[in-house]
Structures are given as structure tokens and as C-alpha cells.
Amino acid sequence: MKDNHIEVPYSNAEKRVPSLWQMLDRFGMRSVVINWFVTHPPDLFNGVMVSDRFRQILIKKPQFANDYVDTVLPKMDFYRLKQVVRRDYGRTIRRIGMPDFPTQFQKVHPEKDFRKSFTLQNSRTFVMQDALVENVTDLLFRKEKADLYMTYFRLPDITQHFVLRLLPDEFIQANFPAEGSPWNLSPETERRVLERIARELEPVYRYMDVLLQKYMGDPEFKDAYFFVMSDHGFSLYPGGYNHYDLPEAMPAPPGILLVKGPKVRPGKTEACIYDIAPSVLYLFGLPLDRGMDGKPLRGLFRLNRKVKFTEYFLDRDKRGVARKDSDRETLEELKALGYIN
């Protein structure tokens with residue numbers, strides 16, 4: 001599948017501009033990047049990269065795991081990270097406080113088969129993958145010294161893609177306008193629906209809160225800056241709950257950005273996902289790329305620092321080699337979540 005000469009699924013080897021960690025690498029700074037989207041094959045840079053294919057292969061295809069040492073940089077780190085994989089699903093959901101979503105679905109819909117929904121059918125895998133990302137993050141945050149740490153957890157997004165399936169059909173029929181009809185929910189009804197959805201999502205966000213407390217409360221990072229972000233939210237609309245395929249008049253739901261650090265000003269600000277990389281470079285006192293779409297969020301910080309500019313170029317000799325043999329599952333996930341047709 002191609003659009004604007006971009007093949008889907010897109011691999012890191014096809015990237016055309018340097019990533020944030022490669023910009024830092026130019027100045028001798030070290031990064032640890034964990035589970036970031038489209039990071040396979042890993043770049044060659046100063047640091048550690050656990051690509052998004054690592055959690056995919058180690059959980060779904062453990063018997064082939066040793067064939068995928070190229071999911072991690074340096075490759076030898078694959079073997080120490082492999083040791084943190086846990087495969088006891090029951091023990092894992094008890095540890096992280098997560099319900100078994102297929103069981104929840106069958107209680108509400110005893111006459112239906114959860115396996116007819118890709119996201120529900122694979123929800124146990126998604127839970128185990130995020131638990132693995134937590135274990136990897138714990139190890140690397142503790143063992144690796146770096147200037148930048150980045151890690152990505154998917155459960156808040158994944159669960160919202162199937163959360164309506166956990167609600168009774170009668171509730172949906174009583175509260176949602178039919179698909180294609182005008183959006184005419186009263187504020188009271190909309191609040192009631194969102195509260196009902198929130199109850200189903202609460203365990204996921206409690207888990208995320210535990211993770212944030214663990215990392216933000218670590219004395220090792222008492223002077224660190226934390227950026228907690230999502231690139232989008234979810235909206236109610238006639239017939240569903242999503243962040244794409246919304247009615248034309250309905251704006252895309254905004255994401256969130258939370259920032260904590262020693263020089264952060266209390267308050268609120270408007271931000272865009274494109275502003276994150278420029279803001280990180282600004283905090284490090286490094287120049288921004290002239291072609292960046294975003295800007296540093298200078299008003300967030302009590303810093304009197306001049307913004308500098310340069311041009312960053314992608315070193316094509318430091319790219320990994322793409323492999324197509326694990327693309328099929330990525331395509332299935334993207335299609336099931338509605339990102340591609």
C-alpha cells in the first residue's frame with residue numbers, strides 16, 4: 001500500500017530526516033529509546049534502542065525470538081533484555097491490576113464470541129506487551145546512564161479502541177444516536193456515557209499512574225524533566241467512540257501534555273505534538289533544525305536562553321537494514337485499529 005510514495009507499514013530504515021536521539025547523538029549525548037513507534041530496524045547511535053518489534057516478537061513469537069536480535073541496539077543487549085520477559089498472564093494482570101478483558105466481554109455478552117474482535121482477541125497479548133515494556137524500562141532506567149530516556153506504553157490507546165464492546169448493547173442503543181444521524185446528546189447524557197466509559201478504562205489509567213509514580217518519584221531523577229504526552233484523545237460521535245472518521249464538523253480530539261521539572265512554570269499552555277522535539281533541544285541548550293514544524297515551548301520554563309538554529313542531516317550509514325518478514329502482523333494491527341484500510 002502506498003500513499004505519497006510511503007509504503008505501509010513504514011519502517012525506520014525509510015526515514016528521511018533524523019530523529020531526536022540522532023540529533024542528540026551529533027553532540028555526543030546518549031539516549032535510551034524503548035518501544036517508540038516505527039523504530040525497527042534500530043538506528044546506529046550512542047545509546048540503547050529497544051524497537052517496537054521487540055515486544056511484538058518476544059510476546060507473540062517467543063519460539064523465534066533468537067532470530068530477532070536485530071530488534072535491539074546494541075544487539076548483545078537483546079539477550080539481557082530477553083531475561084525480563086514474563087509469560088504468566090494471570091500473575092501479570094494481578095500484579096498490574098488489570099482485568100481480563102475477554103472475560104469482561106463474555107459476562108456482558110454471553111451470547112457473543114470475543115474472538116470476532118481483533119482487538120479483544122489480542123487484548124491479552126497487548127497487556128503482556130505493555131508489561132514487558134515496563135520490565136524493559138525498569139531495567140534500562142536503572143542500569144543505563146543517558147541524557148534522554150523515551151518509552152511508549154500503548155494500553156491507553158488500545159483499550160479505548162475496544163472499550164464500547166465492554167458495554168451492554170442496551171446502553172449503547174439507549175444513549176448513542178445512530179450512525180449518520182445528528183449529534184444530539186444532551187450534556188447530561190454525554191457526561192453519563194463518558195463516566196461509564198471511564199469506569200471501564202480506570203484500571204488502565206491506574207496502571208499508568210503507578211508507572212509515572214515509579215519513575216517520577218525515583219530520587220535518581222529528582223532533577224529530571226518529564227514529558228508525559230499523548231498525540232490524540234478520543235471523542236463520542238454518532239455510532240461510536242474514536243479519534244478518526246469523525247463527522248466533518250467535529251474537530252479531532254486533542255491529546256495531552258504534562259511537563260514536570262526544576263525550571264517548569266506552573267500553569268497551562270497551548271502545545272502541539274510538533275513542539276516536543278524543539279522543546280527538548282531547547283532544554284538541552286542545543287540548536288533547533290530550521291525545518292522543524294514545531295517551536296520550543298519557552299513559556300513553560302523559567303529559562304532565559306536564546307534559541308539557536310542549525311541543519312540536521314540523516315546519516316544514511318547509521319540506518320538499520322529493513323526486513324519484511326514481520327510486517328504482516330503490524331498490518332493486521334493497523335487495519336484492526338482502523339489506521340489503514
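This is a predicted model: local features need pLDDT of at least 70, side-chain atom pairs count only at pLDDT 80 or more; totals for chains, interfaces and linings use all residues.
Tyr 312 is itself buried, with a relative accessible area of 8%.

Phe 27 belongs to the loop between α1 (20-25) and β3 (31-34), while Tyr 312 belongs to the loop between β12 (309-310) and α12 (327-336), so the pair ties together parts that are 285 residues apart in sequence. In contrast to the buried Tyr 312, Phe 27 counts as partly exposed, at 35% relative accessibility.

## Other aromatic contacts

Ring pairs also link Phe 141, Tyr 149, Tyr 215 and Phe 221 into a cluster. Elsewhere, Arg 196 is placed over the face of Phe 171, at 6.0 Å from the ring centre.

## The two faces of helix α4

Helix α4 spans residues 89-96, and its buried residues are Tyr 89, Thr 92, Ile 93 and Ile 96. These four residues cover an arc of only 90° around the axis, which puts them on the same side of α4. The buried residues of α4 pack against α5 (101-108), α7 (123-143) and α10 (187-216), whereas the face turned away from this buried side carries the exposed residues Arg 91 and Arg 94.

Both ends of the helix show a local feature worth noting. At the start of α4, a side-chain oxygen of Asp 88 reaches to within 3.2 Å of the backbone nitrogen of Gly 90; just after α4, Gly 97 takes a positive phi of about 75°.

Glu 144 is found in the loop between α7, one of the helices against which the buried residues of α4 pack, and β6 (148-151). With a relative accessible area of 12%, Glu 144 counts as buried, because the value falls under 20%. The side chain of Glu 144 is joined to that of Arg 30 by a polar contact of 2.9 Å.

When its neighbours within four places in sequence are left aside, Glu 144 is in contact with Arg 30, Val 32, Val 48, Asp 77, Arg 80 and Tyr 149. Among these residues is Tyr 149, which also takes part in the ring cluster with Phe 141, Tyr 215 and Phe 221.

How values were computed. Residues are numbered from 1 along each chain as its sequence is written. Side-chain values use heavy atoms; hydrogens and water are left out. Buried means under 20% relative accessible area, exposed over 50%, partly exposed in between (1.4 Å probe, protein chains only). Rings of Phe, Tyr and Trp (its six-membered ring) pair if their centres lie within 6.5 Å; planes under 30 degrees apart count as stacked, over 60 as edge-to-face and the rest as tilted. A charge sits over a ring if NZ of Lys or CZ of Arg is within 6 Å of the ring centre and within 35 degrees of the ring normal. The arc is that of the directions from the helix axis to the C-beta atoms. Contact means heavy atoms within 4.5 Å. A polar contact is a pair of N or O atoms within 3.5 Å; within protein, one must be able to donate a hydrogen and the other to accept it, and residues adjacent in sequence count only if both atoms are side-chain atoms.
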